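Please read them with the structure open beside you.

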Amino acid sequence: MNIVRKDIDLNNAIITIGIEKADYAEKVDKQLRDYRKKANIPGFRPGMVPLGLLNKMYGKSIMAEEVNKILSDELYKYIKDNKINILGEPLPNETEQKEVDFNTQEDFEFVFDIGLAPEFEVELNKKDKVKYYKIDPSEEMIDNQIKSYTGRYGKYVQEESVEEKDMVKGNVVELSEGKEKEGGIQTSDAVLTPSYMKDEAAKKLFVGAKIGDIITFNPSTAYDNETEISSFLKIDKKDVEGLTSDFQITITGITRYHEAEINQELFDKVYGEGVVKSKEEFTEKIKENIQDNLTQDSEYKFGIDAKEALVKKYNDLVFPDAFLKRWLLATNEKLKEEELESDYPKMIADLKWQLIKNKIAEKNEVKVEKKDIEEFGRKVARSQFAQYGMIGVEDDILDNYVKDMLKKEDTLKSFIDKVTEDKILEIIKTLVKIDEKAISVEDFNKMFE
């Protein structure tokens with residue numbers, strides 16, 4: 001076997017691989033002998049089919065299979081052993097590759113084009129500036145979060161008189177000329193909320209009413225849609241059409257939702273027993289949680305700005321554009337040339353950023369360990385639980401949740417990529433000058449509009 005590399009320029013090279021019969025003959029013979037043991041051909045006992053016959057029947061296809069396997073293995077082994085930093089994947093050369101005929105040839109020559117990554121070193125210093133936006137949590141954000149907790153952990157209480165947002169339960173009968181309608185609609189435990197009524201006069205009938213009071217009203221004028229009426233009377237929506245009767249409700253229950261008081265019971269529900277012991281600590285803890293989330297946003301923006309700054313710094317890097325475009329079209333069937341030309345600058349910017357990160361990671365011996373992935377998984381899990389108001393989730397629950405997440409290959413890979421990038425960004429922070437700027441949430445969000 002003979003492998004030759006020929007450099008065309010700094011970004012393009014050709015690899016020629018010559019494969020002779022001696023390279024594959026032994027493997028083809030072994031394949032034929034293995035197949036002979038299980039071949040079932042009429043006229044021959046199992047294991048007794050002549051090798052010559054099997055070779056005549058299957059030799060060429062087995063040879064083609066073995067040659068292609070050797071070709072692939074040796075091509076990538078050569079690239080790895082010689083530490084060739086390629087972009088994309090090798091592609092068959094379109095001009096120097098001769099036609100291959102497995103039926104007539106015993107020796108073969110394969111010619112591949114490869115795209116080479118530009119050679120460069122990442123050198124950063126304090127002359128390189130990257131902005132870092134420190135987002136200040138507003139008092140309104142803190143107050144809103146407190147309101148969210150008091151609302152989420154409140155409770156329903158039975159009351160004596162009705163307020164507009166209360167749930168009123170009662171027994172309902174349909175009326176005709178002021179009396180109970182014979183064969184009319186009757187509903188037990190009907191529920192309504194005065195605030196949902198469009199008619200202010202109807203609302204006033206209920207506000208201030210007490211258990212045992214009897215109120216007469218017309219649902220068709222009180223509400224502005226059939227869904228509310230059908231739900232209240234527990235009838236099909238189609239039966240609401242044309243219904244204009246008055247109804248009488250005898251109030252049997254009044255339920256009101258009371259927001260939780262800001263006390264130890266609420267602190268324990270939100271953060272766990274005894275973690276927070278005063279309103280001041282509660283407010284400070286909420287501020288810390290908000291600041292943690294805002295820091296994640298700051299870090300995200302820093303990543304964007306660091307990429308922009310470093311890609312611009314190494315803007316003169318040269319790439320094998322023709323090769324890359326050919327490779328992208330060859331490996332993405334749905335990608336059209338027009339779309340490629342439009343998206344190519346962004347693709348190159350992303351590629352530059354990846355090469356820059358690789359250089360930084362290699363130079364600083366960045367390693368991602370199991371504990372790093374698990375800790376990142378806990379952060380993700382805490383964030384997901386927090387979306388449902390579950391703060392202070394116990395460690396064993398978090399750990400089991402993370403284990404389930406990491407069973408998915410895509411999730412594991414994305415976690416590794418994110419942890420690696422986070423480590424690289426932390427290194428960048430130590431090398432460049434951080435231009436820190438305090439900013440409000442509103443102004444920060446405007447940058448993404």
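1. Which residue in E2 does Lys6 stand opposite? Lys6 stands opposite Ile14, while Arg5 stands opposite Ile15 in E2. Ile14 also has a bridge partner in E4, namely Asp113. Helices (H or I, at least four residues) and strands (E, at least two) are DSSP runs, numbered from the N terminus.

2. Before going further, please note that this is a predicted model, in which local features need pLDDT of at least 70 and side-chain atom pairs count only at pLDDT 80 or more, whereas totals for chains, interfaces and linings use all residues. Residues are numbered from 1 along each chain as its sequence is written, and side-chain values use heavy atoms, with hydrogens and water left out.

3. The strands in point 1 belong to an open sheet of four strands in the order E1-E2-E4-E3, with antiparallel pairing (two strands pair if DSSP finds at least two bridges between them). The edge strands, each pairing on one side only, are strand E1 (2-7) and strand E3 (86-92). On average, neighbouring strands of this sheet are turned by 20 degrees against each other, direction ignored; axes here are lines fitted to C-alpha atoms, for helices over the stretch in contact, and angles run from 0 to 180 degrees between N-to-C directions.

4. Within that sheet, E1 is joined to strand E2 (residues 12-19) by six bridges and by a hairpin through four residues, and E2 pairs with E4 in the antiparallel sense over eight bridges. Seven of the eight residues of E2 are buried (under 20% relative accessible area, with exposed over 50% and partly exposed in between, for a 1.4 Å probe and protein chains only). Helix H2 (residues 51-81) lies across E1, E2, E3 and strand E4 (108-116), and runs at about 140 degrees to E2.

5. For helix H13 (residues 409-431), the geometry agrees with expectation, because its 23 residues at 1.5 Å a residue should span 33 Å and its end C-alpha atoms are 33 Å apart (the expected span is 1.5 Å times one less than the number of residues). Its buried residues include Phe415, Val419, Ile424 and Lys429. The buried residues of H13 pack against strand E5 (129-136), helix H8 (279-313), H10, H11, helix H12 (395-406) and strand E12 (433-440), where contact means heavy atoms within 4.5 Å.

6. The charged end of Lys429 sits over the ring of Phe302, 5.4 Å from its centre, and Lys359 lies over the face of Phe120, at 5.4 Å from the ring centre. A charge sits over a ring if NZ of Lys or CZ of Arg is within 6 Å of the ring centre and within 35 degrees of the ring normal.

7. The whole structure holds 15 aromatic pairs (rings of Phe, Tyr and Trp, the last by its six-membered ring, with centres within 6.5 Å; planes under 30 degrees apart count as stacked, over 60 as edge-to-face and the rest as tilted). Tyr156 and Tyr257 form an edge-to-face pair, because their ring planes stand at 65 degrees, with centres 4.9 Å apart. This pair links distant parts of the chain, Tyr156 being in strand E6 (residues 155-158) and Tyr257 in strand E11 (residues 247-258), 101 residues apart.

8. Two backbone angles deserve a look. Asp189, in strand E9 (residues 186-192), has a positive phi near 55 degrees, and Glu365, in the loop between helix H10 (337-363) and helix H11 (370-386), has a positive phi near 50 degrees.
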